[in-house]
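Please look through this structure before our next talk. My notes are below, in numbered points.

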Amino acid sequence: MAPHALLSGQLADDGIGDAIFALAADIFPICRSITGDGVRRTLDRLGNDIDLVVHEVKTGTRVFDWTIPREWNIRDAYIKNAAGERIVDFRRNNLHVLNYSRPVRKRLPLGELKKHIFTLPDRPDLIPYRTSYYAEDWGFCMAHRQLAALPDGLYEVLIDASLEDGSLTYGEYLHPGETEEEVLLSAHICHPSLANDNCSGLALLTHLAAGLAGLRTRYSYRFLFAPGTIGAIAWLALNENRAARIRHGLVLSCVGDGGGPTYKKSRQGDALIDRAMAHVLRNAAAAPNIIDFFPYGYDERQYCSPGFDLPVGLFQRSQFATFPEYHTSADNLDFIRPDHLASSYRLIAAALDILECDWRPRSTVPKCEPQLGRRGLYAARGGDPDEAAKSIALLWILSLADGRHSLLDVAERAGLPFAVVAEGARRLRERGLLVNDGRDASPTNARGARAAAGA
Ligand code: ZN
């Protein structure tokens, strides 16, 4: 199969950071949870940009060891003081309500109210984000400083919410490629007004899906916008046959802050996506954070569970739970920036280049070096560092072009970006110096690569 042109060169890049930011800002105010209208409204908005298919899974449906929970919808919530003033107001910040709270309306003294209040004493001005999905409860989240200043007395609380049979909602978008083999790109959609975690991931993937829409790709790309944990479990339970087509995958969250970049490997640890992401991050950042799989975090836990064992890693900028804004009201639109979003987008695109365009070249002139100058492939004049890197790439490719090494192998060994090596290989192939003689051009993982290489 002929290698494709690099996706990164075809995806629109101008203003991409601003576009991703604008979409993240659009969905930021919506109060989402694992079920309910917040997810539907968010999918509605994403669906303006891509041809999203929205699925509903009924409450009570068994999905492996789990059951689809009731649907949560909220209209209003507050704490009023004795003067009747809303001192904590859901309408000002939806983090104020314990997410998935059962409804409540009562008057109670401060001492009793405090049992239902969550604060962060070490960050007294921030509102924490808390959930109560699988244990029925009600509560509020607020700034510790505000709580500490509340006078004794009676308070009125209202959570005008409903927990009823309904469904769990998720969105899916498929970009069909030349093969039915799939790349899974997944972002959780269950968090309320938190910008980095995960309006950033939802917005980035939506723009990536929109960008791919006009392009020819080898793989099919499945985009999944589902509530964390239960949404991924539901998708896997309802799509076991499709899951078997997934060759590579990435979960995205927290892709808009200035930290990292971070890549957490799949459980396999040596899958092609693991090598591709490590290569891309090492070439793009001075000190990337590349970490081994561990069984907490995001939905890679489900995709990598032993019954599926999919090669799915996690891409983030700052790693979750390591930054002070994490799961607080400080994870707002000031915390994410268009340039970081654009940088994350480019890193993902560069990794997809490797999945799409890797192949195993074999030299047609393997006995000593072919004469490059005669073919216009060697810089006639010295001194241009770009040209020098390109020439070095050609020498590396030819040196390893024994049909056993992939372009990623060459890039890793030469310490050159994959894109430079892929472009060099394209030129050499054009001049007839390389062939792709029918070996598996893009093995599904490193084990496959070693098997293909006869090792
Ligand atoms: Zn989170």
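This is a predicted model: local features need pLDDT of at least 70, side-chain atom pairs count only at pLDDT 80 or more; totals for chains, interfaces and linings use all residues.

The points below go from the domains to the zinc site and then to some local details.

1. The chain is split into three parts. Domain 1 takes 8-67 + 167-357, domain 2 takes 71-164, and domain 3 takes 361-436.

2. **Domain 1 against domain 3.** The C-alpha centres of these two domains are 34 Å apart. Eight residues of domain 1 and nine residues of domain 3 make the contact. How much area is buried between domain 1 and domain 3? The value is about 660 Å², and carbon and sulfur atoms give 60% of that area. Accessible area lost when parts come together is a figure often used for the size of an interface.

3. **Who supplies the area.** Look at Arg275, His279 and Ile354. Together they supply 67% of what domain 1 buries against domain 3.

4. Two salt bridges are counted between domain 1 and domain 3. Arginine 275 also forms a salt bridge with glutamate 412. Their closest N and O atoms are 2.7 Å apart. Three residue pairs are in polar contact across the interface of domain 1 and domain 3, with both residues at pLDDT 80 or more.

5. **The domain 1 side.** Which helices each supply at least two residues of the side of domain 1 that touches domain 3? They are helix H8 (272-284) and helix H10 (338-357). H8 gives the largest share, with five residues. By type, this side of domain 1 has four nonpolar, two polar and two charged residues.

6. **The zinc site.** Three residues coordinate the zinc ion: His191 through NE2, Asp197 through OD, and His327 through NE2. The distance is 2.1 Å. Along the sequence, the donor residues follow the spacing H-x5-D-x129-H. Histidine 191 sits in the loop between strand S11 (182-188) and helix H5 (195-212), while histidine 327 sits in the loop between strand S16 (312-316) and H10, so the two histidines tie together parts that are 136 residues apart in sequence.

7. Most peptide bonds are trans, and most residues other than glycine have a negative phi. Three places deserve a check against that background. The bond joining aspartate 197 and asparagine 198 is cis, with omega about 25 degrees. Aspartate 197 is also one of the residues that coordinate zinc, and asparagine 198 is in helix H5. Another cis bond runs from glycine 260 to proline 261, with omega near 5 degrees. Proline 261 is placed in the loop between strand S13 (246-252) and strand S14 (262-264). Threonine 229 is not a glycine, yet its phi is positive, at about 60 degrees. Threonine 229 belongs to the loop between strand S12 (220-226) and helix H6 (230-238).

8. **Salt bridges.** The count comes to 31 salt bridges. One of them pairs the side chains of arginine 346 and aspartate 13, at 2.9 Å from N to O. What does this pair tie together? Arginine 346 is in helix H10 and aspartate 13 is in the segment before helix H1 (16-27), so the pair links parts that are 333 residues apart in sequence.

Technical notes
Residues are numbered from 1 along each chain as its sequence is written. Side-chain values use heavy atoms; hydrogens and water are left out. Domain bounds come from an automatic or database domain assignment. Contact means heavy atoms within 4.5 Å. Buried area is the accessible area (1.4 Å probe) that two parts lose on being put together, summed over both. A salt bridge is a side-chain nitrogen of Lys or Arg within 4 Å of a carboxyl oxygen of Asp or Glu. A polar contact is a pair of N or O atoms within 3.5 Å; within protein, one must be able to donate a hydrogen and the other to accept it, and residues adjacent in sequence count only if both atoms are side-chain atoms. Helices (H or I, at least four residues) and strands (E, at least two) are DSSP runs, numbered from the N terminus. Ala, Val, Leu, Ile, Met, Phe, Trp, Tyr, Cys and Pro count as nonpolar, Asp, Glu, Lys and Arg as charged, and the others, Gly among them, as polar. Donors are N, O and S atoms within 2.8 Å of the metal (3.2 Å for Na, K and Ca); water is not among the atoms, so sites may look incomplete.
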